[in-house]
Amino acid sequence: MHICFELSGENDTLPAAEVYASLSAEEIRYRVIRRYPRVVIVNIDKNNLTKLQLLAQRLSMTHRIYQVITTSTPEKQAVLDAINRTDLSHFIKQGQTYCVRVHRLGRSPLIKTPQVLEPEIGEIVYRYGVKANLQTPEVCFKLLLTSKMAIFGILLHRINRSSFEERKPKNKPFFYPGVLMPRISRVLINLCEIKKNELLLDPFCGTAGILVEAGLLDVNVIGSDIQWKIVSGAKMNLEYYLEKYTFMYQDAAHLALKDESVDAVITDPPYGRSTRIKSVETKKLIEDAVKEMWRVLKKGRKAGIVYKEKIDGLIIGAGFSIVEYHKERVHKSLTRHLYIIKKE
Ligand SMILES: C[S@@+](CC[C@H](N)C(=O)[O-])C[C@H]1O[C@@H](n2cnc3c(N)ncnc32)[C@H](O)[C@@H]1O
């Protein structure tokens, strides 16, 4: 069965990478069929259909998830022919209500006014003895138009992206500027393939943004920081969003944790710009902290680290291998470098 993920356009590489990692984290075997800038189509076993609900709760850089019915070139007649040839009775039953929506992703010059297709496709569906309902349809048919392909499917899940907006740093009980946005924190968590009830550590936790996003997925979280005023603020945020968490006041370069005791480490260490540093100079601190990350992480598991510049040498020097690398442009003087690293 082919499943289509409609990706957000906020980053070139992160949305698709998040989909692949989340499928793996939920143990859904998949094969990539197509990859366009705003769309990924994968093949999964139909027994895993219900598990897609778990992905809808996890993903932060996907808008919607569809089951693909048919595809064609992005030309009007080709689209209508493909839908006419398909038996839609597998997707909608007599007496159910439906709507048809057409959505253009990027430029698709072949169909200049895609909305004209909505009533034409609607008429094809109507022949199955079903009734249109544009407000609260039981089945929503969607035609996605990319410049290379038209994808016709039914909507399975809509990702609640506004919940990430509601949790943006300014809306939290404790705030300071320059911290990661919830969607980036969530992407890092997904890229590390951490599962429910596993243990995640953030040794430079600041306002606890990463911990909150992980805790909301029922991951057990441990956070630590070295500034007292941050410690009390982080606790305010953790109390507000989570029922359980562990917090420690400690230096990220000397963690009071056993070897190989955590399932993932995700962190956004100080960049030596605005955050106050209580250990030697920043680079040395990061170097020592990455070694500690390696020590406390279980073998075969992944960690995520974000920094203001490339730190490949330091990561490899600590014993990790780099499995993914992404960039996030924040503003003209800050591009964050996101590493997903593995303890082999
Ligand atoms: C960039 S901020 C983390 C922001 C965090 N991702 C958030 O969402 O708020 C870095 C944090 O590292 C903490 N820090 C600096 N030196 C530290 C050290 N040696 N050990 C532990 N934490 C330290 C700072 O107090 C600061 O809160």
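**Exercise 1.** Describe how E2 is joined to E3, and how the two strands pair.

*Solution.* Next, take the pairing, for which DSSP must find at least two bridges between the strands; E2 (residues 30-36) and E3 (residues 39-44) run antiparallel and are joined by 6 bridges. Finally, pick out one partner: Tyr30 is bridged to Ile44 in E3.

The model is a predicted one, in which local features need pLDDT of at least 70 and side-chain atom pairs count only at pLDDT 80 or more, whereas totals for chains, interfaces and linings use all residues. Residues are numbered from 1 along each chain as its sequence is written.

**Exercise 2.** Work out how domain 1 and domain 2 meet.

*Solution.* Then turn to the contacts (C-beta atoms, placed from the backbone, within 7 Å), which link 12 residues of domain 1 with 13 residues of domain 2. On the domain 1 side, helix H1 (residues 14-25) gives the most, with 7 residues. By class, that side has 5 nonpolar, 5 polar and 2 charged residues, with Ala, Val, Leu, Ile, Met, Phe, Trp, Tyr, Cys and Pro counted as nonpolar, Asp, Glu, Lys and Arg as charged, and the others, Gly among them, as polar.

Methods:
Two residues are in contact if their C-beta atoms, placed from the backbone, lie within 7 Å. Helices (H or I, at least four residues) and strands (E, at least two) are DSSP runs, numbered from the N terminus.
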